[in-house]
Structures are given as structure tokens and as C-alpha cells.
Amino acid sequence: MTASPMQVRQWSDEVAANPGSPAFLPLAQAYREQGRRDAAMKLCIRGLERNPDHVDAHHLLGLLYLEAGDTVKAFDEWDIALALSPDHFGSRREIGLLSHARGDWGTAVRHLERALEADAFDQEVRDALEEAWAKQSGRPAAPRAADAPAPPPAAIAAAVAAPAPVPPAAAPVDGGAGAFDAVAREFRGFAAERGIAGALLLDEQGFVLAGDITVDGVDRGPDVAAVLSGASPEAERALRHLGLGAWKGILVETPEAVVRLAPAGDGLVAVAGTRQVPTGWVLRVAGRARESALRFLGEGGGA
């Protein structure tokens with residue numbers, strides 16, 4: 001249930017008067033719902049300094065780290081929560097889904113089985129557990145139910161932040177035309193996924209190699225490519241100047257769309273999604289698109 005403005009003001013006043021007040025947790029949750037994740041994270045960290053055994057705060061901080069792309073810290077917070085309370089199924093659920101996204105099937109099964117005990121109707125947990133069982137036994141996973149909901153942000157953001165091995169293309173391809181046809185099919189397929197407006201693979205000069213981004217029935221891929229063509233070298237130069245290492249991705253949010261940019265060899269992958277789908281879903285599709293692009297380039301398709 002979304003907090004009312006009056007509740008947020010009340011919690012804010014309580015925390016301002018007493019930084020150790022338990023009100024820090026609902027206030028941080030409200031900030032997260034408002035998209036103020038940095039403020040929520042600061043509140044959680046400050047609250048945990050005074051309440052280090054607050055299980056729900058560790059769980060919330062883990063979710064915030066996950067949404068920020070730091071799966072290591074997210075895992076640590078949920079691990080702390082389980083050490084404090086082994087029956088905290090929210091943290092167990094997230095560790096299970098994160099392990100599933102990483103392809104750690106044994107750990108995923110162990111945690112997801114326990115999470116399912118707490119909520120037998122959690123479809124995401126059921127689907128992930130079914131796949132983990134199948135991977136452990138070497139048999140094909142059962143298909144998802146047609147009406148199963150799309151993965152919520154937690155699991156999908158984790159899958160991008162710490163990518164699991166991506167399955168190979170449906171059929172092996174050789175370099176050249178075969179590789180190009182394969183990557184072109186995959187990029188067209190991304191646009192058919194729920195809430196995804198399209199995906200592009202750009203070469204180092206900013207030309208579209210594969211894919212499209214459709215807006216109101218019009219392919220705006222070339223226009224998007226023209227705008228984004230300088231993003232990769234600019235990001236690389238800026239991070240090198242700051243001594244922060246190589247760039248791994250940029251997330252651009254507008255009132256209408258969320259666009260994920262990620263380097264792929266000397267080129268760039270861009271995936272655009274609508275604001276009606278979780279940001280994490282866009283991140284996961286972008287991760288898959290990047291893996292597809294790297295396979296294509298590795299097979300000589302970029303030569």
C-alpha cells in the first residue's frame with residue numbers, strides 16, 4: 001500500500017528528530033516507491049548504523065543495491081538478514097532468484113524451495129524453481145504458463161548485473177551471412193517481447209547493423225543511432241579520465257521510455273522499453289541483446 005503524503009511527512013519528522021527512530025524503514029520504503037533510491041539507500045544505511053539487527057532494513061537495502069546493479073552487496077545484505085532470521089523468506093526468495101539468474105542451480109533450488117513454502121502461489125519462484133530442478137537433472141524445463149506474469153524487477157535486474165551464462169543461439173552459425181542472419185533474427189525477436197520497443201546493434205561508426213526501434217509504427221532506429229553514436233567513446237573517455245575503469249552500461253530514462261546502452265566490442269547495443277514495464281526487464285533484455293551481439297562479433301560477423 002502506497003504511503004500517503006501525510007505519513008511520509010510524519011515519518012520524515014520522526015527521523016529528523018531521532019535518526020534511530022524505527023520510522024526510517026517505512027520512510028525508506030516510501031522513497032523507493034517514489035523512485036528516490038539514493039535517499040532510500042542513505043536512510044537504510046544510517047538506520048542500520050543504529051539498528052544493526054533490523055532484518056527488514058537489511059532486506060530493503062539489498063533490494064536497493066540490486067536495483068543499483070550491485071549484486072554482491074545485495075547478496076551480502078540478504079545473507080545478513082538470513083543469519084539474523086533464517087525464516088525471513090523475502091531475503092531467501094531474493095537469494096534464490098539471484099542464484100537462478102547466475103546459473104547457480106544448487107543454491108537456487110535450496111533457497112527457492114524454502115521460499116515456496118512461504119508463498120505457494122508465487123509464480124516467479126515456481127517458474128525459477130522448475131527451471132533450476134530441470135537444469136540440475138539435465139532435462140528440459142517445463143514451459144511457463146501462458147498467463148504467467150513477466151519477471152518482476154528483482155530477478156531481472158540481478159540477471160543483468162551478474163549475468164548467468166546465456167544459452168547459445170537456436171542453431172550454430174558460421175561467420176559472414178549466416179552469422180548476420182542469426183543476429184538479425186534475434187534482434188527482431190527482442191522487439192516482440194512485452195514492453196520492448198526495439199533493440200539495435202550499432203557498429204563503431206554508429207551505423208545500424210541489426211534491429212530496429214519502432215515508435216508509433218515508424219522505425220526510428222537510424223535516428224536513435226545518430227543520437228547515440230557518440231555515447232560509447234564519450235563514456236569511455238569520461239570514465240578513463242576519472243579513473244573508474246571501463247564502462248558497462250548507461251540507463252537513460254524519459255517520461256515515455258527507458259533506454260539501456262551497453263558496449264559490445266567496438267560497437268554499442270541499445271534496447272528501448274516503455275515505462276509500463278519494470279526497468280529491470282529492459283536491463284535483462286539488454287543483457288541478452290549484448291550477449292547476442294558478442295556472439296555475432298566473435299563469430300567473425302563484425303569483420
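**View 1. Gly198 of strand β1 and its bridge partner in strand β6.** In this predicted model, Gly198 is paired across the sheet with Ala272, which is its bridge partner in β6. The two strands concerned, β1 and β6 (residues 267-274), run antiparallel and are joined by six bridges. Strand β1 (residues 196-202) is largely enclosed by the rest of the structure, because six of its seven residues are buried.

**View 2. The hairpin of β1 and β2.** Strand β1 is also joined to β2 (residues 208-215), again in the antiparallel sense, and here the number of bridges is five. Within this pairing, Ala199 has Asp212 of β2 as its bridge partner. The two strands form a hairpin with five residues between them, and in the turn Gly206 has a positive phi of about 90°.

View 3. The six strands make an open sheet in the order β3-β2-β1-β6-β5-β4, and their pairing is antiparallel. At the edges of the sheet lie β3 (218-219) and β4 (250-253), each of which pairs on one side only. The pairing of β4 is with β5 (residues 257-264), to which it is linked by four bridges in the antiparallel sense. In this part of the sheet, Glu253 stands opposite Val258 of β5.

View 4. Where does Leu251 lie, and what is it in contact with? Leu251 has its place in strand β4, and, with neighbours within four places in sequence left aside, it is in contact with Val258, Val259, Arg260, Thr279 and Leu283.

**View 5. The largest nonpolar core.** This core has 28 residues, and the members that touch the most others are Leu27, Leu43 and Trp78. Helices α1 (5-17), α2 (24-33), α3 (37-50), α4 (55-67), α5 (71-84) and α6 (89-102) each supply at least two of its residues, and the largest share, seven residues, comes from α4. If residues up to four places away in sequence are not counted, Leu27 touches Val8, Trp11, Ser12, Val15 and Leu43. In soluble globular proteins, nonpolar side chains tend to be buried together.

**View 6. Helix α4 and the glycine that follows.** Helix α4 has 13 residues and reaches 19 Å from its first C-alpha to its last, which is close to the 18 Å expected at 1.5 Å a residue. Because eleven of the 13 residues are buried, α4 is largely enclosed by the rest of the structure. The buried residues include Val55, His58, His59, Gly62 and Tyr65. After α4 comes Gly69, which has a positive phi near 90°.

**View 7. The chain as a setting for the close-ups.** The secondary structure of the chain comes to 13 helices and six strands, and 41% of its 303 residues are buried. The chain exposes about 15700 Å², of which carbon and sulfur atoms supply 54%. Among contacts with a separation of 6 or more, 48% are between residues 24 or more positions apart.

How values were computed:
Residues numbered from 1 in each chain as written. Predicted model: local features only at pLDDT ≥ 70, side-chain atom pairs only at ≥ 80, totals over all residues. Heavy atoms only, no water. Pairing = 2+ DSSP bridges. Core = buried A, V, L, I, M, F, W, Y, C linked by side-chain atoms within 4.5 Å. Buried < 20%, exposed > 50% of the residue type's maximum accessible area, 1.4 Å probe, protein only. Contact = heavy atoms within 4.5 Å. Areas by Shrake-Rupley, 256 points an atom, 1.4 Å probe, with all protein chains shown as cover. Expected span 1.5 Å × (residues − 1).
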